[in-house]
Amino acid sequence: MFPERFSNLPAYAFPRLRALLDHLKPGGPVMHMTIGEPKHAFPDWVAEVIAENAAEFIKYPTNEGTPELLQAISAWIERRYGIAVPPEQVMALNGTREGLYNAAMALCPETKNGKQPIILTPNPFYQVYSVAAASVGAEARFVPATEASGHLPDFAALEPEILDRVAIAYVCSPANPQGAVASETYWRDLIALAEKHDFKVFADECYSEIYRKTPPPGALQVANEMGADPERVLIFHSLSKRSNLAGLRSGFVAGGPESIRRIRQLRNYSGAPLPLPLQRAAEKVWADETHVEENRRLYAEKFDIADDILGDVPGYTSPQAGFFLWLPVEDGERAAVKLWTETGVRVLPGAYLSRDAEGYNPGKGFIRVALVAPKDEVREALTKLRACIYG
């Protein structure tokens, strides 16, 4: 016997990509531009901190995070957003994917206004959102995030009877894959909608520190300024992109005291806390901005390269933040196969990041390109891409 609730999940994006491309011969030196795995250097001293604290691998780590790590995160939130979030309202995560999933497990009610709850997600989206909905018995509602809506979901366009069933709305800003940034006005409107219909906003802000000019506003910052219900918004952050430390698995969730209490309680039974030597390193990384500024500078150079090579392509949008390009094509799968077989450049079809909903898949006419490689390789790959796909 097996559960049916996961039976309709499509193949995950990267196994699906391997099935599409791996049996085909690449048309040149392989250039990987598929996965958002940072390649810039992380601070040299990270390894030293881990080594200095290696004896703590013998200990069971604190579930919610060490007091020192929680204080470091709390201080970072105040520096970044100008709001005071006490350490008791923060929980360290073993990567934000874990938190984005388990927060739904801890906070989604069994029913909403006597009916099956709905979890809203942008479309395209980070796939853990929909699996979280399936796990808690909620209906996942995929809301298009297209050029027409500024590449962010327009939840306010949903019918009131739908909104009254909503328990959680996931929003990624800066958006993966489009690079769109939710403005302060967007957050205000969404939080007001959540207040009116009594649902929570899960703000996935993992790309918040990779921006070109202006720091993206934070959802918790805006909620605080509005005087919204303290339990209304939870934010999720990570060192993976900010600090090029995807393998450290250090992230956090912050929000209202009751929400964090419930998330921590579930973590006591089912969580996978970060090993103590890694928590010690994370304390130092959250406290340092020098390497983050250098990281932004390197990405800015690659954005400029992309604008120079692709700027006159019809439909090209220069991303505000993050490190992906969301490029329009006739068909994402055909474009990925053509690029691979003719140039060796490997990209991800946009449909692998979205779902068919209301008769169409909003990712079908796009490819996602990750600008994580060194800039010379990015320039070469984008030049090949331009010639192969756009002429």
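## An open sheet of three strands

In this predicted model, three strands make up an open sheet in the order β9-β12-β11, with antiparallel pairing; strands pair if DSSP finds at least two bridges between them. The edge strands, each pairing on one side only, are β9 (324-328) and β11 (348-349). Strands are DSSP runs of E with at least two residues, helices are runs of H or I with at least four, and both are numbered from the N terminus.

Five bridges connect β9 with β12 (residues 366-370) in the antiparallel sense. F324 has A370 in β12 as its bridge partner. The charged end of R368 sits over the ring of F324, 3.9 Å from its centre (CZ of Arg or NZ of Lys within 6 Å of the ring centre and within 35 degrees of the ring normal).

## Aromatic pairs

The count of aromatic pairs is 16; rings of Phe, Tyr and Trp (its six-membered ring) pair if their centres lie within 6.5 Å, with planes under 30 degrees apart counted as stacked, over 60 as edge-to-face and the rest as tilted. W76 and W286 form a tilted pair, 5.1 Å centre to centre with 55° between the planes. W76 belongs to helix α3 (residues 67-81) and W286 to helix α11 (residues 276-286), 210 residues apart. Both W76 and W286 are buried (under 20% relative accessible area, with a 1.4 Å probe and protein chains only; exposed is over 50%, partly exposed in between).

## Basis of the values

Residues are numbered from 1 along each chain as its sequence is written, and side-chain values use heavy atoms, leaving out hydrogens and water. Because the model is predicted, local features need pLDDT of at least 70 and side-chain atom pairs count only at pLDDT 80 or more, while totals for chains, interfaces and linings use all residues.
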